Amino acid sequence: MNSSNFEFTQPAFLWLLIIIPILAFWLYISRNRNQAKLSIASTKAIQQPGIYNYIYRALWVFRLLALTLLIVALARPRNVGVTTKSKKNRGIDIVMATDVSGSMLARDLKPNRLEALKEVAEDFVDKRPNDRIGIVLYAGESYTKTPITTDKSIVKRTISSIEYGGITDGTAIGMGLGSAVNRLKQSTAKSKVIILLTDGVNTAGSVDPKLATELAKGLGIKVYTIGIGTNGMAEMPYAKDYNGELIYKPMKVEIDEKLLNYIAEETGGKYFRATSNNKLKTIYEEIDKLEKTVIEDIKYYNYDELYRNLVIAALVLLVLEYLLKNTLFKSFI
C-alpha cells in the first residue's frame, strides 16, 4: 500500500512570514516618499509606455516573493512517500476436533447443537484468513475430515457438510484429541492450537484422553475445550420411529467438565461452557481474540525535499529584479 503526505520539518520558521506584509507596507510607503518629482507644463514628450511604468513600480514585489520563498524553504517542506508491506511473522495452525455423536442433535441449542456449531465455526474460519485450519470429527471413533490447509473455501464446505451418522456412535474424546494432535505433530507453525468440542463424557475409543493430553503438551499444542449443552435437561434423540424419524425425549445433560478443564489447563488453553447459541458464538469470538496471528507492517519512507526548488526560485526572482533594474528600466526615474 502506497500513500503520500506533505509536511514541514521545521514549521517554526513559518512564523517569519508575519514580517512580509509589514515589509510590503514599508517598501510601498518608502518608495513613494523617496521618488523624485518633476513639474513641467507637459510630459507627453518624455512619458514612458504605461505597462512598463507599472512593471517598474512592481519590481520590489520580486524581493518580497523571494523572501517569502526563502522563509518557506527554511521550514523544509517535503513530500513523504510511504510504502507499507505486511509481513506475517507468526502463523497459526488450528485443528477443530468436533464431536458428532447422536447427542449433538439435542435441541437445547437451535435448531440443534450440531447446526448451531456449524454456523459459528464457519464464521470463525472467515476471521482467520492468515492461518491454516483442519477438521477432525469423532464419535465412537475419529478421523480427519480435512487436513490443515490455507484454502478456507474447502474448510467451510467441510463444515457445512458435517452430519450425524457414518461413524460408530459414542464419545471418544481421547481419540478425537489424539487425531487432532496427529494432524499437528509435523506442523512447523510457531503456534499450534486445537479446539476440542464435545457434549458428553468419554465413553468409547482406545485412546486415554489424559495420554492424548500429554502428547499435545509435549508437542507444544494448546487445547481450547468447549462443553456444549444446557445445564439440566435437554431434548435428545433416543430412537427412530417406523418412518426413520428421530424420537426425542428430555434427558439429563452430562458433560465431563473435570476432564475438559484438565485438558485445557495442562496444555495452556482454556475451558468454556456453551449453554446457548449466543454463548457458543461468544466463545469462538474469544478464542479468535486469544489466538491472533501477528502481522508486522514494514514501512518504507521516501523523502522528496522541496526546499531546493524554492531557493532556486527565490534566486531567480532576485536576479530577474536586478537585471530588469539595470537594463530595461535603467533610465526610469
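**Proline 111.** I started with proline 111, which I found in the loop between strand S3 (92-99) and H4. The model is predicted. I checked omega at the bond joining lysine 110 and proline 111 and got about -5 degrees, a cis peptide bond. I noted this one down because most peptide bonds are trans.

**Arginine 76.** Next I looked at backbone phi. Arginine 76 has phi near 55 degrees, a positive value in a residue other than glycine. Most residues other than glycine have a negative phi. I placed arginine 76 in the loop between helix H3 (59-74) and strand S2 (77-88). Is arginine 76 buried, exposed or partly exposed? Its relative accessible area is 29%, so I logged it as partly exposed, given that buried means under 20% and exposed over 50%.

**Aromatic pairs.** I searched the whole structure for aromatic pairs and got 3. One of them joins phenylalanine 124 and tyrosine 284. How do these two rings meet? Their centres are 5.5 Å apart and their planes stand at 70 degrees, so I call the pair edge-to-face; the cut-off for that class is over 60. I then traced both residues to their helices. Phenylalanine 124 belongs to helix H4 (residues 113-126) and tyrosine 284 to helix H9 (residues 277-290), so the contact ties together parts 160 residues apart in sequence.

**Charges over rings.** I looked for Lys and Arg ends above aromatic faces. The charged end of arginine 107 sits over the ring of tyrosine 248, 3.6 Å from the ring centre. I also recorded lysine 249, which lies over the face of tyrosine 238 at 4.6 Å from the ring centre.

I followed up leucine 16, which lies in the loop between strand S1 (2-8) and helix H1 (19-34). Leucine 16 has a relative accessible area of 37%, so I logged it as partly exposed.

**Annotation check.** Last, I opened the UniProt record. The unreviewed entry places the feature "transmembrane region" at residues 12-29 and 54-75. I took residues 12-29 and asked what the model shows there. The chain over that stretch is 61% helix and 0% strand. I also took the distance between the end C-alpha atoms of residues 12-29, which comes to 29 Å.

Note on methods
Residues numbered from 1 in each chain as written. Predicted model: local features only at pLDDT ≥ 70, side-chain atom pairs only at ≥ 80, totals over all residues. Heavy atoms only, no water. UniProt positions renumbered as here; feature names shortened; annotations may be inferred. Helix = DSSP H or I, 4+ residues; strand = E, 2+ residues; numbered from the N terminus. Phe/Tyr/Trp six-rings, centres within 6.5 Å; stacked < 30°, edge-to-face > 60°. Lys NZ or Arg CZ within 6 Å of the ring centre and 35° of its normal. Buried < 20%, exposed > 50% of the residue type's maximum accessible area, 1.4 Å probe, protein only.
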